[in-house]
Amino acid sequence: LSFKPNQFFNELERTSGYSQSTLKHAYWRGRQKGFIDDSGRIPNLTASGEGEIRPFVAKHLGNKARLMVIFDVPEEKAATRQQFRVLLKAWGFEQIQKSVWASDLDYRELLAEAISELRIARYVEVYECMRLIPTEH
């Protein structure tokens with residue numbers, strides 16, 4: 001970020017699905033609120049910044065549970081569908097089939113927000129499930 005901020009924000013825009021202006025605004029707002037310390041060579045989260053994001057860090061579901069996301073977004077919304085796939089990949093979801101993804105991390109709240117923000121609720125279903133066969137993966 002310190003050496004090539006444009007490259008950083010370009011890559012972040014590509015992987016996050018958010019616009020560069022939104023990302024830059026969030027970064028500057030984080031600096032203003034004291035969540036980011038950029039006095040050194042590399043920007044770092046402050047203790048208050050770490051405390052602020054802690055609720056958004058996904059926890060393991062436990063007990064071999066998994067979140068399964070199944071979607072069928074129509075072709076006329078191809079860009080939105082791709083944006084949703086990018087988010088799933090960024091959150092560490094594993095692609096089971098073309099439009100079936102799973103994770104053992106609890107992203108229920110973030111998924112609900114993303115699905116609402118992308119306006120694809122009618123095309124997406126999210127399940128909490130457990131793999132039965134094969135018994136080991």
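View 1. Leu45 sits in strand β2, which covers residues 44-45. In this predicted model, Leu45 is partly exposed, because its relative accessible area of 40% falls between the 20% and 50% cut-offs. Together with Ile53 and Val57, Leu45 makes a nonpolar surface patch of about 240 Å². A word on confidence while we are here: helix α3 (residues 47-53) has the lowest mean pLDDT among the elements of the chain, at 77.

**View 2. Helix α1 and the residue that follows.** Helix α1 runs over residues 5-16, and its end C-alpha atoms are 16 Å apart. That agrees with expectation, because 12 residues at 1.5 Å a residue should span 16 Å. Just after the helix comes Gly17, with a positive phi of about 85°.

View 3. Ser16 belongs to helix α1. Is Ser16 buried or exposed? Ser16 counts as buried, because its relative accessibility is 13%, and the cut-off for buried is under 20%. Look for a polar atom of the Ser16 side chain 2.7 Å from the backbone oxygen of Leu12. The backbone nitrogen of Tyr18 also has a polar atom of the Ser16 side chain 3.1 Å away.

**View 4. Arg81 beside Pro74.** Arg81 is found in helix α4, residues 78-90. With a relative accessible area of 14%, Arg81 is buried. A polar atom of the Arg81 side chain lies 3.5 Å from the backbone oxygen of Pro74.

**View 5. The salt bridge of Asp38 and Arg31.** Side chains of opposite charge can pair when their charged atoms come close. Here Asp38 and Arg31 form a salt bridge, with their closest N and O atoms 2.9 Å apart. Asp38 is partly exposed at a relative accessible area of 29%, and Arg31 counts as partly exposed at 33%. By the rule used for this model, the count comes to six salt bridges.

View 6. Glu94 and Arg66 form a salt bridge whose closest N and O atoms are 3.0 Å apart. This pair links distant parts of the chain, as Glu94 is in strand β4 (residues 94-97) and Arg66 is in strand β3 (residues 65-71), 28 residues apart.

View 7. In the salt bridge between Glu128 and Arg108, the closest N and O atoms are 2.9 Å apart. Glu128 in strand β6 (residues 124-130) and Arg108 in helix α5 (residues 108-118) are 20 residues apart, and their pairing links distant parts of the chain. Glu128 is partly exposed, with a relative accessible area of 48%, and Arg108 counts as partly exposed at 41%. Asp106 joins Arg108 and Glu128 in a network of salt bridges.

**View 8. Placing the close-ups in the whole chain.** The chain has five helices and six strands, following the pattern α-α-β-β-α-β-α-β-β-α-β along the sequence. Its C-alpha atoms fill a box of roughly 50 × 40 × 25 Å along the principal axes. Of the 137 residues, 30% are buried. The mean pLDDT of the chain is 86, and 93% of its residues reach 70 or more. Strand β5 (residues 100-103) has the highest mean pLDDT among the elements, at 95.

Definitions and conventions:
Residues numbered from 1 in each chain as written. Predicted model: local features only at pLDDT ≥ 70, side-chain atom pairs only at ≥ 80, totals over all residues. Heavy atoms only, no water. Helix = DSSP H or I, 4+ residues; strand = E, 2+ residues; numbered from the N terminus. Expected span 1.5 Å × (residues − 1). pLDDT = per-residue confidence, 0-100. Patch = residues over 30% accessible without salt bridge, like charges linked within 9 Å, V, L, I, M, F, W, Y side chains within 5 Å. Areas by Shrake-Rupley, 256 points an atom, 1.4 Å probe, with all protein chains shown as cover. Salt bridge = Lys/Arg side-chain N within 4 Å of Asp/Glu carboxyl O. Buried < 20%, exposed > 50% of the residue type's maximum accessible area, 1.4 Å probe, protein only. Polar contact = N/O pair within 3.5 Å; in protein donor to acceptor, adjacent residues only side chain to side chain.
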